[in-house]
Structures are given as structure tokens and as C-alpha cells.
Amino acid sequence: MQRYVCIHCHFYQPPRENPWLEAVELQDSASPYHDWNERVTAECYLPNGAARILDGQSRIAKIVNNYSRISFNFGPTLLSWLRQKAPQAYERMIAADRESQQLFSGHGSALAQAYNHMILPLANTRDKRTQIIWGLRDFQHHFGRDPEGMWLPETAVDVESLEFLSEAGIKFTVLSPYQARRMRHQVWEEWQGVEGGRIDPTRAYNCHLPSGRTISLFFYDGPISHAVAFENLLMDGERFAQRLLSGFNGERPWPQIVHIATDGETYGHHFRHGDMALAYTLEYLERNQLARITNYGEYLALHPPTQEVEIFEKTSWSCVHGVTRWMDDCGCRSGGDNSWNQQWRRPLRNALDWLRDDLSSVFEAKGARLFIEPWAARDDYIRVVLDRSPRNKDEFFARHATQPLSPDEKVEALRLLEMQRHLMLMYTSCGWFFDELTGPATLQILQYAARALQLSQQLTGEDREEAFLQHLQEAWSNVPDCGNGRHVYERFIKPTMLDLVGVGAHYAISSMFGGYHGHDSMFCYRVVLERTQVLESGKTKFAAGVACLTSETTDTSLRVAFGVLHFGDHNLSAGVRPLDDDPWFEEFLSRACNAFSGADLPACLRLIDRYFYGSTYSLKSLFQDERRRIINQIVDSTLSDAETLYRRVYEEHAPLMCFLSELQLPLPPVLRLTTEFVLAATARRALADQATGLDAVRSLLDVAQRSGFSLDASNLKSALRQRLNALVERWMQNPGNLEILEEVENVVALSRVQPFDLNLWKSQNAYYELSQAVAGNGHGIVNEAWLSHFRELGQRLGVALPQLPGH
């Protein structure tokens, strides 16, 4: 009996990008990481690309790329984020798909996914089609091939969605066993009911569609998948393997495939070291020849389905009521306050449906003048989303425009298409999945709706926001202070909305700290500085100028004038307004410069308030990341001043503190705090300076330990991590350099000392990669002195050294 095992991982994060910036902003809840995408990447996406398999001594025996031996899909919006923000993780996924084609008879392990995790059975026909086309094009863009399979968000399915999959050339998708309704062996045989998850999951099935097309369906093993996700099966890799093997049945005569499907984040994010359990399980099955590891494409080609199946329509894997979780208060919840209800789900969907339908009329009416076929243009717009270069936009318009478009017409066309993109993004499933209207995922989709409303107003001059809020106010929050959907929108969404004047304010203020440059970029905006004048006097600074701002998404441009007065620290006032032909700016500039030069700062401030009346800003107006960066810059300057004072106190009273220490008398709290601050600052500065030897750092740590001082571990860890990573990069460029190797060894040794206990993941990866190269061909660098230090480094890193040639 042939036995196959396939593990599918659905990797997904909801789109978290600010719709006006096209970037994920700082999320303090993900600390110490910048945002949740970054945190989950560190805990799951990166580790699965370099998963550890340990030997009997708990040393790293192998580092493997899990992605090459599993079936997986990544949400397209997440994949684009990874490409930009976590290229190492992204490259390992792409490389794994190429490797899997070699392992699995030419069939890649990556599957596509409908674009932004919209629940397709609840979508209208046009959105279903576009979501599938966008998912397919996105996959081709990243993986450079056509997908064989496509993952449906939440496995939510109906026949129309399957029709579109088949029409797009998709061969198969994966569903829950509870979504199978009935099956039969031959077309002339009676149907057999398999409801309640009773379908045999160890084979593929044909689904015949009304159009005459067919698509293959796999139904994953429900109990084993549930055990992986919810029953701590990943605590033991061997137990995981045995549970997979329990899915085989010796009485079945056909080649069986035991396959499971879970959220990919299970392996590392939900369960720490789940990536290692996965790696060990796959290696255990292969090493003991217990089953053949495969993917869906290979199994389908080797063993085409011979049985037919029908599905339950409008069903999913995460709602026992079908797809009601994304439209009503069905009782499915994520574990919040038990007194809460989800009656807000229905009016929220109704409000978004109204907005979609109302703005679709705008799209069709205005799009008919600009596009040969507006909806076909929307289907193809994903190519622009993936590449917003001017050349690519021109090629898009050449394909779809009714005639050569003027610059203003191109702006109108891009606004229409961006409006449609946000009308789809607002249906991202997470907006309904959780328990509360004011939850982050629901606020996110309301931001998309707000962006669509803003674009529609720019296109038509009509304000639809009030009509939208009349629908939205039927949704009520469970939090009494938050009121209904109108209140939620006005409290949480309206303040986040942005226009080009607001972008200009950000540029003017942030450049006060980073410098004004001729050309600059901020998130999805380009800035050309046409003129500027900067005056300084001590800690005070005045700047004024003219800049042209351009959106990279819609090509909308605006010339603005600005004036900024910085009194020092966080005290700053700025004015920004559109610049027309009125000569007011020259008058302002002359009068403000004279006032500043004459040290009349109040007059300068009054001029900003007068000439930019109603359009003034402060540090609070900055985007989150830039605001945090500048505040940190101000705080660092303040801490530097404080350090000078603390160091003076420390040096003046060092003899007294030594005397008290000799007498074993406690230091006064002020002197203890002073000493800890100075020691930590000195150690941090020494670690940041690559030229400073580590002996100085060890001496400082020794003083702190002997005297019972507590040093700020987080800052010291960060400095040591940066030093080690930079050093390892230098070593990888010149691995035969014994001096660098010894330095790496010393830093790694220090990283194991308190208060560090550093995560050595990157260093272990580099060491393992080099050890494999050395074991393979000697790399031309092996000699006894080098090898001795290399072995010592491996011991410190916890990596087993493979057998080397001639040793």
C-alpha cells in the first residue's frame, strides 16, 4: 500500500496597512517588535525557513527549510509586505517552491489564495471573479509560475466560486471534511451522504460544475488537524508523526494521502518551537520510510480522482453555521467577554454592501468614459498594484484606456481603481471574525471604507459619508462608551484620514529634524522641494519653503507652502497650505525671517498663525513612526545631557561609593541609580563601537555584578545583537579570516553572560551554512588553527560540526 503525507499551512495576516500611507504603522501591542507582521515573522515565518533538528545532545544537527517539504499558501497582501520588510523570509519561501518542484515531480508546493481574504460566498459575482484573478496574478508575480491550487479564505465555498477557480485554470482546492455533502463512485451510482465530516479524506475527489467544468477537491483530515491546532500535538515531534500515521487504514486498497490543514502560524507563533516539531516530524517519517512526503499537485497527477463529490454551499472551516460568522450574530466568537453579542455584524455588512453598490455606479458611469471595459480594467489593475512604476502605469492605460489620457484623466482613472481596491479590502474577513465592533481588525476595514468614501468625493464632489453613517449607526458596540457605528467611525476613523496638505505637514515637520532635501519620499508619496530657507539661533530654528507632493497611488499632485518654528525639544508649531498664484508666501517669508532674525519669536509664531490660519500643526500631527523617531531623538538628546550630569556626580563621588562598598554598607538610592545609569551607558557605548574591545565591557559587567548593580538589559542586548550581526556579516564575506572568527567567538561567548542571554538564531544559520560548505569541499580555508576556533564557536552556538574532509 502506497502511503503519502501532506501538511498544508495557510499563512495569513490581515492587511494592516494604513490606507493613506500604504504601510503598516507602529503597533505597541506587538512590542518589542514594530508591528504584528514583524512579530509573527520573527516567531514563525523566518524560523520555518531555517528550522532546527536537534541531535541527542540537544545540538543543532540540521537546519532545514520547512517550506520545501510542505504545502503552503501565503496571503497576497502578507506576501507583498514580506518582500519589502522581511526579504530573507520571502526569499526562503520562493526558493522552497523551486526546491519542491525538484522534490515532487515538477509540482511546486505553493498555492495561490483569493486576494484579500474576502469571504467569497458572501461576495457579489464581480468581486469573486476579481479576487480570484488578483490572487492568481499575484502568485505569478511572486513565484514565476502558474498555480495549480488556490486556497479559499476560511475555506468558504460555493459553486460559483469553484466555477471561477476552474475557469482560471485552477486544478484543485482544499476544504474541511464537514463541507462535503455527498459522494459517489460512478455517475450511474446512487449518491452516498457523507455529511458530518464522514467523507474519506485519504483521496482526491472530482466536483462536476454546472458549466461542464470540473475541479478536484481535497478534504483534509479533521481530527488530526484539530489536534495540531488545539491539542498541543506539537509538543512532541514523534507523537505528531505517529498521529499522522494513524490516519492510514490498511483495508483501503488505494494509494492513501493523509493530509492536514491548519493556520501556518500554528508552527512557531501559536506554539513556540512548532517549526522544530514540524521539521522533526517530516524528517522522522522520511528517515524511517514510514510514508512518502508529497504535495497536492504531485499526488493529484499520480492518482487522479475517480470519485465524485458535491459540497455544502456557503460553508467554511471556522463557522459551524456556514458563513454566518461574517454576517450575523451566530454565536461563533473568539473568546472575548461572554456578556458581549455580535449583533453589530449584520448592520456592518449592510453598510458596506450599500457603499459598494453605490460607488459601483460611480465607477461604471465615470469609468465608461476612460476605460474600454471598466470591470476588465479592474481585473487587470493588480498589475499596477504590484508595480506602480510610471512605465507600468502607461502600459496599463495603453491596454485599457478608450483613448490617450491627459494627466488629469489618468489621475481620475487611478482614483476610480483605487476606490474599487479599497471597496474590496473593506471586506477582509477579519473585520467580522472577532467579538467587538471596536476591535483592531474591524477598525481596519472601516478605514478602507473611509478611504473609498474620500476618493469618491474627490471624483464626484459629492459627500456620501453621512448616508454611509446612517447605515453604520445601526451597529452597536459592546463597550458602552463607544456607542454605535457612527460614533466609532467619528472617534476612531475620522482622525486618521489624510490629505496631501496633511502629508505636507508631516514633511515640513519631520524635515526640521532630518534636513530638507531636494527630492524625498515618505511612504507612498514623493516630494520635490522647490525652495527653502532655514534660520537657526541656538536651540531655536525656523524653516519655510515650497514643495510639490505627489501620491504614488493616484498620481495626484499638490504644491504647498510651509513655515515651521521650533523652540527646542518638543515645542514646535507649523503651518501648511496649498500654494496658488497669490503672492502671500513672499510676504510671509520676508516678515517671518525678519522676526526670527530679530529674536522676536512670539511675532514669528503669530505670523505662522495668521498666514496659515486654520491649517497649523504640531509634533502630534506626525505619522506614528516618524513621531516616535523624533520623540526618541529628543529624548536621547535629553538623556545625553542627563548622562553628563550623572557621570559628573559618579566621578566626584566614586571614592565614597568604593568606601561604602568596602564596608558593605548600602549605597544611598540616588548614588545607586546614578551608578547604574552611568555603567549601563558606558557599556552600551562600548558595545556600539566595533573598535572597543570586549574586555572593557566584561570589566563593567563584572563591577556591576560584584556590587549588585542592575543594568538595563534591553538596551545592552540590542547593542550586542547589532554588533554580533554586523560582525557575522563581515565574517561571511571573508570566512577564512581567523581574526574575525576569533572576534565572533568572543562576542558569542559574551552573549551567554548575564544580562544578555542573546538569541543567536542568525549566527547559528550563518555558522551552519558555512559548516556545510566546509564539509563539502573544504572551502579552501580549513587549517588547524582556524578549525580549532571554528569547533569552539560551534560549541558556543550549540551547532554540531559535521565530519570534515581529512579530519
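The model is predicted, and local features are reported where pLDDT is at least 70, side-chain atom pairs count only at pLDDT 80 or more, and totals for chains, interfaces and linings use all residues. Residues are numbered from 1 along each chain as its sequence is written, and side-chain values use heavy atoms, with hydrogens and water left out.

The secondary structure of the protein chain amounts to 28 helices and 22 strands. Helices (H or I, at least four residues) and strands (E, at least two) are DSSP runs and are numbered from the N terminus. The C-alpha trace spans about 95 × 75 × 55 Å along its principal axes. The radius of gyration, which is taken over C-alpha atoms, is 31 Å for the protein chain, and this agrees with the value near 28 Å that a compact globule of 807 residues would have. The globule rule used here is 2.2 Å times the number of residues to the power 0.38.

Of the 807 residues in the protein chain, 55% are buried. In this classification, buried means under 20% relative accessible area, exposed means over 50%, and partly exposed lies in between (1.4 Å probe, protein chains only). The protein chain exposes about 34,800 Å², and carbon and sulfur atoms supply 49% of this area. Accessible areas come from the Shrake-Rupley method with a 1.4 Å probe, and for residues only the protein chains shown count as cover. A contact is defined by heavy atoms within 4.5 Å. When contacts between residues at least 6 apart in sequence are considered, 68% join residues at least 24 apart.

Strands of a sheet pair through backbone hydrogen bonds, either parallel or antiparallel. Two strands are taken to pair if DSSP finds at least two bridges between them. An open sheet of six strands, with antiparallel pairing, has the order 17-18-19-20-21-22. Strand 17 (519–522) and strand 22 (616–617) stand at its edges; each has a single partner strand, so one side of each is left without a neighbour in the sheet. Strand 17 is joined to strand 18 (residues 525–537) by four bridges, and the two run antiparallel. Within this pairing, Ser521 stands opposite Arg526 in strand 18.

Another antiparallel pairing, also over four bridges, links strand 4 (residues 51–54) with strand 5 (residues 60–64). Ala51 stands opposite Val64 in strand 5, and the bridge partner of Arg52 in strand 5 is Ile63. Strand 4 and strand 5 form a hairpin with five residues between them. Ser58 is placed in the loop between these strands and has a phi near 60 degrees, a positive value in a residue other than glycine. Ser58 counts as exposed, because its relative accessibility is 57%.

A positive phi, near 55 degrees, is also found at Asn232, which is placed in the loop between helix 6 (222–230) and helix 7 (237–245). Asn232 has a relative accessibility of 39% and therefore counts as partly exposed. In the loop between strand 3 (23–24) and helix 1 (36–49) lies Pro32. The peptide bond from Ser31 to Pro32 is cis, with omega near 15 degrees.

Two further residues illustrate separations across the model. Leu302 lies in helix 9 (residues 296–302) and, at 40% relative accessibility, counts as partly exposed. Apart from its neighbours within four places in sequence, Leu302 is in contact with Tyr4 and Arg292. The C-alpha atoms of Leu302 and Leu565, which are 263 residues apart along the chain, are separated by 72 Å. Gln192 is found in strand 11 (residues 192–193) and counts as partly exposed, with 38% relative accessibility. Apart from its neighbours within four places in sequence, Gln192 is in contact with Arg181, Arg182, Met183 and His185. Gln192 and Phe612 are 420 residues apart in sequence and 75 Å apart in space, C-alpha to C-alpha.
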